[in-house]
Amino acid sequence: MAKGIWVYAEQKNGQLKKVSLEILGAGRRLADQLGEELCAVLIGKEVAGLAGTLAEYGADKIYVAENDALENYTNDGYSQVLAGLAEEYQPMAILLGYTVLGRDLAARVAQRLGTGLCTDCTGVDLEDGQIIFTRPIYAGKAFVRAACPEARPICATFRPNVLTAAQPQPGRAAEVVMVDARPKDIRQIIKEVVCQVSSRPELTEADIIVSGGRGMKSAENFKILEELADVLGAAVGASRAAVDAGYAPHSMQVGQTGKTVSPVLYIACGISGAIQHLAGMGSSKVIVAINKDPEANIFKVADYGIVGDLFEVVPLLTREFKKL
Ligand code: FAD
């Protein structure tokens, strides 16, 4: 008999990903509706110290799988541990972030368990006793509500910045279960190459994103977006046209073939609003568009539109925000 809702608590270098706390919020509501326990799973080296935060954000029980061999993420190591725990304890659902790591891990865990996986979900609720996942289809033009009644545990990944984390309750207690994690035959990372180190927030986790398109006209011109981003504490994104033109690296691309983002505020500068771009940022809470073409498609999805030359508008915004 399947029991409990599980959240995979993603961490990197001892820092929990914000999306894991958001999923704990949704998991808490689901567990309460079902009358089930909400469990979090921590995997890594010396990660037990994060259990307190997970308890404050709603976990009733935290499984901690620590091992030197788990210091760095590997698909085979982490999936062995998570799938092994799921086989032993039989949860109803395993919820993960739709992050680079979460996507990789969820697919392998679902395959190991021979179960179903709902990806890139934006919501989860209970209907007639069934767990129902909401996920966008057709590049965000429609939403499907999916249930997998036979699949146990059902696995699902959730888009960052869409769900709401619960208010933390300082001092809230939870049971911590240290598990014996000894993954076998795992590949080891022998060298990690860090391509870019930025002091700005990670694109998929940022609350504010300033994004540039072909209208930026050159890589150097992205400086004005960086200046605005730094005043706002924002990340910088780009359209595929800007990336293809060499104005920005692919790691900054937002859209169907880039990253999916859901910030509180998305400022699109010199971006026309092609469907493939909207697929990656359409779920942003507030969209501001700056474009000199009043007919640009981006204005159809924008909450606020500025028709004008971005080379005048963006520095003006930076100057004004600096005064606040
Ligand atoms: P454009 O469409 O050329 O728009 C530039 C805009 O800048 C125009 O609206 C113009 O009015 C405005 N502008 C110019 N100068 C100024 C100025 N001085 N001030 C203000 N405004 C100005 N695209 C993505 O973004 N992400 C993806 O992941 C992605 N994946 C794709 C996958 C596939 C399979 C395909 C076929 C396409 C994909 N695309 C993707 C490409 C997409 O179709 C568009 O070509 C692209 O998004 C256009 O980028 P853009 O808006 O920057 O450029």
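This is a predicted model: local features need pLDDT of at least 70, side-chain atom pairs count only at pLDDT 80 or more; totals for chains, interfaces and linings use all residues.
Residues are numbered from 1 along each chain as its sequence is written, and side-chain values use heavy atoms, without hydrogens and water.

**Overall build**
- The protein has 9 helices and 17 strands (DSSP runs, H or I of at least four residues and E of at least two, numbered from the N terminus).
- Its C-alpha atoms fill a box of roughly 60 × 50 × 35 Å along the principal axes.
- Buried residues make up 51% of the 324 residues (buried is under 20% relative accessible area, exposed over 50%, partly exposed in between; 1.4 Å probe, protein chains only).

**Aromatic pairs**
- The structure holds 5 aromatic pairs (Phe, Tyr or Trp rings, the six-membered one for Trp, with centres within 6.5 Å; planes under 30 degrees apart are stacked, over 60 edge-to-face, the rest tilted).
- Y63 and Y89 form a tilted pair, 4.7 Å centre to centre with 35° between the planes.
- Y63 lies in strand β5 and Y89 in helix α3, so this pair ties together parts 26 residues apart in sequence.
- Y63 is buried at 4% relative accessibility, whereas Y89 is partly exposed at 33%.
- Y73 and Y78 have ring centres 5.0 Å apart and planes at 75°, so they pair edge-to-face.
- Y78 is buried, at 2% relative accessibility.
- Ring pairs link W6, Y63 and Y89 into a cluster.
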